[in-house]
Amino acid sequence: PTRFPTRRGRASRVRLLVAPDNAEGELLSLVRSANRSLRVEQVSIDRNQPLLSACVAAAERGVRVRVLLSGAWYVREENRALADRLNARAEREGLPLEARLVEPRSRFEHVHVKGLIVDGDRAVVGSLNWNNVSARENREVVLVVSGTVVDTYRRAFAADWHGGAWRVSVGALLALLPAVGGTGLVLSRRISFAE
């Protein structure tokens, strides 16, 4: 079920970046321009990709950085290792940097996002994975947008960061009701009130 219905928004500025031509360099400049926050959501990130190093450097200068990676089976181990490494460094150096894996639960099956939010007012969306092959050898297209259109992406990132809502099937709920009712009945017989 959708949590973020389509809404009209205005883009005050749109830039089209293309890999391998200018995307990596322009995105590095964008990450380096962050003053308050960086929100990264990727399927996975190559630990040797300069964009990741730029995010860590941003945290070193006080920018609050959150890195959200897919928890899908095909990247889980690699992403867990990267998140653990980033979190250990943040802990050791007191950096405002946090990394985690997406827990989609029942909201969606896989994270296939390739995006970034800079200072809450610029969003990057497109096909560029944060690895050197994607940035330097593949044809990829990325849009950098500013304006009210960023709101929906910002809300989606926040929801993904906090994790999906647990959903309980009607059958499971019906099966649980007698157990809860029985527990209440047992407790009511053991509790007496003195007047």
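Predicted model: local features only at pLDDT ≥ 70, side-chain atom pairs only at ≥ 80, totals over all residues.
Biologist: How many helices and strands are in the chain?
Modeller: The chain has 6 helices and 7 strands. Both are DSSP runs, numbered from the N terminus: helices are H or I of at least four residues, strands are E of at least two. From the N terminus, the order is β-α-β-α-β-α-β-β-β-α-β-α-α.

Biologist: In what order do the strands form the sheet?
Modeller: The order is S1-S7-S6-S5-S2-S3-S4, in an open sheet with mixed pairing. Two strands pair if DSSP finds at least two bridges between them.

Biologist: What makes S1 and S4 edge strands?
Modeller: Strand S1 (11-19) and strand S4 (97-101) each have a single partner strand, so one side of each lacks a neighbour in the sheet.

Biologist: How many bridges join S3 and S4?
Modeller: Strand S3 (residues 64-69) pairs with S4 over 5 bridges, in the parallel sense. The definition asks for at least two, so they count as paired. Within S4, glutamate 98 is the bridge partner of arginine 66.

Biologist: Why are H1 and H2 called roughly parallel?
Modeller: Helix H1 and helix H2 (residues 50-60) pack at about 10 degrees, with axes 9 Å apart. Axes are lines fitted to C-alpha atoms, for helices over the stretch in contact, and angles run from 0 to 180 degrees between N-to-C directions. Under 35 degrees counts as roughly parallel, over 145 as roughly antiparallel, 65 to 115 as roughly perpendicular, and the rest as oblique. H1 and H2 are therefore roughly parallel.

Biologist: Which residues meet there?
Modeller: From H1, Glu24, Leu27, Leu28 and Val31 meet Pro50, Leu51, Ala54 and Cys55 of H2. Contact means heavy atoms within 4.5 Å. The contact residues divide into 7 nonpolar, no polar and 1 charged. Nonpolar means Ala, Val, Leu, Ile, Met, Phe, Trp, Tyr, Cys and Pro; charged means Asp, Glu, Lys and Arg; the others, Gly among them, are polar.

Biologist: Is alanine 72 buried or exposed?
Modeller: Buried means under 20% relative accessible area, exposed over 50%, partly exposed in between (1.4 Å probe, protein chains only). Alanine 72 has 8% relative accessibility, so it counts as buried. Alanine 72 lies in the loop between S3 and helix H3 (76-93).

Terms used
Residues numbered from 1 in each chain as written. Heavy atoms only, no water.
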